[in-house]
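Dear colleague,

I am passing on a structure that you have not worked with before, and below it you will find an account of what came out of the analysis. Please read the notes with the structure open beside them.

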Amino acid sequence: MQMYFPSPTLPPKRYWRDSDWFDAHDAELAEQYPNQWVAVFSGKVISHSTSLGQVLDELEPQDVEFPVIGFVEKGIHVYKNLSAFQNEI
Amino acid sequence: MSTKISLRFKTKYDGELLKHGLQVRVIRLMASVCFNTPMGWTASFKAIVDTGNPVTILPEIVHRHIHRRILHPDPVSLFGVGRGEVLAHLAEIEMAFVGKRQLSPPLRIKAYLLTDNSLPVLIGYEDVLTDVTLVSAYPRRKAYIEFR
């Protein structure tokens, strides 16, 4: 997998098909790979792990351009992100 | 001349509640983003556009190799993420939104860099949503951000 590009690069149409596939199958993916990072290429899961680093390591030697990589949430996750220092402007 | 980047809604039902006959949709507003690194720009990552999030959050593996400038030497405690409280460094990074037909201009933003990989990329307000027009029209399944 080509990991880096000289400038931000538009992915091919296949990437967007895979992205739509990823979203359409999110519920099934959440059952199979709960709270894991998942990589999809041409409508297939090609790597999954709780560690994104492991997914990227597995993808690097493979001949896949622009896989879709995302985190599959199972259940309802609420990310609050409140730092300890809050004041109102 | 503006740049419009389409966003996508991801909708599913909460599986556990569905077993009890309760239909609760889990809806996420999704974007594709890439990051600048010393080796070049990364391929795209799926990211959640989180309007309840003040500052963008990046998991460790995403920020490990990217250009970053730590803005404060001490880590900050973030509450309510992970299993309660997690530590993160505030840094300046460079990212871009990836659309089907267009790319956003590179954005230099402040972001919290997490120490683990348990969370997705969460796009927050500071330096990102503060600088764009965000349109979210779920009934029409239409969403985009517009840069002017």
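Which residues of α1(A) are buried? Before the answer, please keep in mind that this is a predicted model. The buried residues of that helix are A:Tyr15, A:Asp18, A:Ser19 and A:Phe22. They cover an arc of only 105° around the axis, and therefore sit on the same side of α1(A). An α-helix has 3.6 residues a turn, so residues three or four places apart point the same way. Among the elements that cover the buried residues of α1(A) are α2 (26-32), β2 and β4 of chain A. The helix itself has twelve residues and reaches 17 Å from its first C-alpha to its last, which is close to the 16 Å expected at 1.5 Å a residue.

The sheet of chain A comes next. Three strands form an open sheet in the order β3-β2-β4 (chain A), with antiparallel pairing, and its edge strands, β3 (44-49) and β4 (68-72) of chain A, each pair on one side only. From one strand to the next the twist averages 25°. Strand β2 (residues 36-41) of chain A is joined to β3(A) over five bridges in the antiparallel sense, and A:Phe41 stands opposite A:Lys44 in β3(A).

Two helices of chain A lie across strands of this chain. Helix α1 (residues 13-24) lies across β2 and β4 of chain A, running at about 15° to β4(A), while helix α3 (residues 52-59) lies across β2, β3 and β4 of chain A and runs at about 135° to β3(A). In α3(A), the residues A:Leu52, A:Val55 and A:Leu56 are buried. Seen down the axis of α3(A), its buried residues fall within an arc of 95°, so they line one face of the helix.

Finally, there is the contact between the chains, which takes 42 residues from chain B and 33 residues from chain A. On the side of chain B that touches chain A, β7(B) gives the most, with six residues. By class, that side of chain B has 24 nonpolar, ten polar and eight charged residues. Strand pairing also links the chains: strand β1 (residues 4-5) of chain A and β3(B) pair in the antiparallel sense over two bridges, and A:Phe5 stands opposite B:Trp41 in β3(B).

With best wishes

Definitions and conventions:
Residues are numbered from 1 along each chain as its sequence is written. Chains are lettered from A and ligands numbered from 1 in the order in which they are written. This is a predicted model: local features need pLDDT of at least 70, side-chain atom pairs count only at pLDDT 80 or more; totals for chains, interfaces and linings use all residues. Two strands pair if DSSP finds at least two bridges between them. Helices (H or I, at least four residues) and strands (E, at least two) are DSSP runs, numbered from the N terminus. Axes are lines fitted to C-alpha atoms, for helices over the stretch in contact, and angles run from 0 to 180 degrees between N-to-C directions. Two residues are in contact if their C-beta atoms, placed from the backbone, lie within 7 Å. Ala, Val, Leu, Ile, Met, Phe, Trp, Tyr, Cys and Pro count as nonpolar, Asp, Glu, Lys and Arg as charged, and the others, Gly among them, as polar. A residue is buried if 20 or more other C-beta atoms lie within 10 Å of its own, exposed if 12 or fewer, and partly exposed in between; C-beta atoms are placed from the backbone. The arc is that of the directions from the helix axis to the C-beta atoms. The expected span of a helix is 1.5 Å times one less than its number of residues.
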